[in-house]
Amino acid sequence: MVGTVRTRVTELFGIEYPIFAFSHCRDVVAAVSRAGGMGVLGALYFTPEQLETELNWIDDHVGGKPYGVDVVMPAKYEGADLGDAGELLGKLQAMIPEGHRKFVNDLLERHGVDPLTEEGAGHYLLGWTDATARPQVEVALKHPIALLANALGPPPADVVEQAHQHGVKVAGLASNARHARKQVEVGVDIIVAQGTEAGGHTGDVSTMVLIPEVVDAVGPETIVLAAGGIGRGRQLAAGLALGAEGAWTGSIWLTVEEADTPEASRDRLLAATSRDTVRSRSWTGKPARMLKTAWTDAWESPESPGTLPMPMQFMLISDALRRINRAGAGELTTFPVGQIVGSMNQVKTASQVIYDLIEEYVETMERLNTLTEG
């Protein structure tokens, strides 16, 4: 096994490798942290009570290694002025047009999947708004987390201050230099510069172009992590060469042994190429890179009523996605994933993914060193 890779971010958190692994699966988070990187648990789909359970488990299984929590507190979303979390759900549900419900039901019927119900609607509003994400932050800061990340826009300044009071560093994702500067203005410690190749919510600037732009925009004081299309050691080396201090990864953990990815989704991910993703609003109402399937095609068709604003789109479809997975309707099965999916063609343990990344990184650096000798 190779030695450690030292950057400012490894020194900051006391980790061996500058690899951050975003995952909604606690097993993946703990496994990556134990292997020398830093696992970051996506809190989006958990109630505060469920998040407490997940974090208690991680505390018991992470071996004392640092880990983080990722929340979604979008700067803009539908219903921001509609009251507290208790009022928000009912009001937003009433705003979903019946024509959209009919479109989803017709799509499910054509593929042999049962129609929508109201099951889980409140649960799947969690994390998509400021009002519903704040309780998740409160739970997270009761645990020995090392990092709090916000996945969509700059986090509220008071949340950043609250985290800092607990000795927790704050990261924010940015898809252009302007967004990165806004993150710094509210006190964020780490910028995750995420190129369009990334899975989930992402902008339209490529990683190769974005990283140096963001590094130059926020200056040497703020640590930058490279994200978007990073799943190989060569790509890690490229990110560091562009001025980043490490890599933020997500998609590559969907197919590891520890992941709880539904089998139908995992099989499609393993078979996909780098051309089998698309940026679509059909998941949350904001552009997100996803696996291209009959689901994403339907929302781009002439029959589509168009997507709804966040968080109403996910409220509309959350039960449908659950039913699709249960029914094994593979042609509709989709998943947020980046273009690196073309390299995700083998199931490995999380620790093996880390080791493979670092081994290829070292080989890459050794090869580059030979080019500059003499």
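I'll start with a sheet: three strands make an open sheet in the order β7-β11-β10, with antiparallel pairing. Strands here are DSSP runs of E with at least two residues, helices are runs of H or I with at least four residues, and both are numbered from the N terminus. Two strands count as paired if DSSP finds at least two bridges between them. The edge strands are β7 (200–201) and β10 (277–280), each pairing on one side only. β7 pairs with strand β11 (residues 288–291) in the antiparallel sense, over two bridges. His-201 has Ala-288 in β11 as its bridge partner.

Before going on, some ground rules. This is a predicted model, in which local features need pLDDT of at least 70 and side-chain atom pairs count only at pLDDT 80 or more, while totals for chains, interfaces and linings use all residues. Residues are numbered from 1 along each chain as its sequence is written, and side-chain values use heavy atoms, with hydrogens and water left out.

Next, helix α5. The helix covers residues 98–110, and at 1.5 Å a residue its 13 residues should span 18 Å, which agrees with end C-alpha atoms 18 Å apart. The expected span is 1.5 Å times one less than the number of residues. Which residues of α5 are buried? They are His-100, Arg-101, Phe-103, Val-104, Leu-107 and Leu-108. Seen down the axis of α5, the buried residues fall within an arc of 160°, so they line one face of the helix. That arc is taken from the directions from the helix axis to the C-beta atoms. Buried means under 20% relative accessible area, exposed means over 50%, and partly exposed is in between, with a 1.4 Å probe and protein chains only. On the other side of α5, the exposed residues are Glu-98, Lys-102, Glu-109 and Arg-110. After α5 comes Gly-112, with a positive phi near 70°.

A salt bridge is a side-chain nitrogen of Lys or Arg within 4 Å of a carboxyl oxygen of Asp or Glu. The structure has 13 of them. One joins Arg-101 and Glu-98, whose closest N and O atoms are 3.4 Å apart. Both residues lie in α5, three residues apart, about one turn of the helix. Arg-101 counts as buried because its relative accessibility is 16%, whereas Glu-98 is exposed at 57%. Another salt bridge joins Lys-102 and Asp-106, at 2.8 Å from N to O. This pair is four residues apart in α5, again about one turn of the helix. Lys-102 is exposed, with a relative accessible area of 51%, and Asp-106 is partly exposed at 26%.

A further salt bridge is formed by Glu-360 and Arg-232, with the closest N and O atoms 2.9 Å apart. This pair links distant parts of the chain, 128 residues apart: Glu-360 is in helix α14, and Arg-232 is in the loop between β8 (223–227) and α10 (233–241). Is Glu-360 buried or exposed? Glu-360 counts as buried, at 14% relative accessibility, while Arg-232 is partly exposed at 31%. Salt bridges that share partners join Arg-232, Arg-234 and Glu-360 into one network.

Now the interior. A nonpolar core is a set of buried Ala, Val, Leu, Ile, Met, Phe, Trp, Tyr and Cys residues joined through side-chain atoms within 4.5 Å. The largest core has 72 residues, and Leu-55 and Trp-253 touch the most other members. Helix α14 (residues 350–372) gives this core its largest share, six residues. A second, separate core has 26 residues, including Phe-103, Trp-295, Ile-317 and Ile-324.

Leu-55 belongs to helix α3 (residues 48–61), where the buried residues also include Leu-51, Trp-57 and Ile-58. α3 has 14 residues and reaches 20 Å from its first C-alpha to its last, close to the 20 Å expected. Leaving out residues up to four places away in sequence, Leu-55 touches Leu-41, Tyr-67, Val-69, Val-139, Ala-140 and His-143; contact means heavy atoms within 4.5 Å. α3 is followed by Gly-63, with a positive phi near 65°.

Last, the backbone. Most residues other than glycine have a negative phi, and most peptide bonds are trans. Here, Met-310 and Pro-311 are joined by a cis peptide bond, with omega about 5°. Pro-311 is found in the loop between α12 (294–300) and α13 (312–327).
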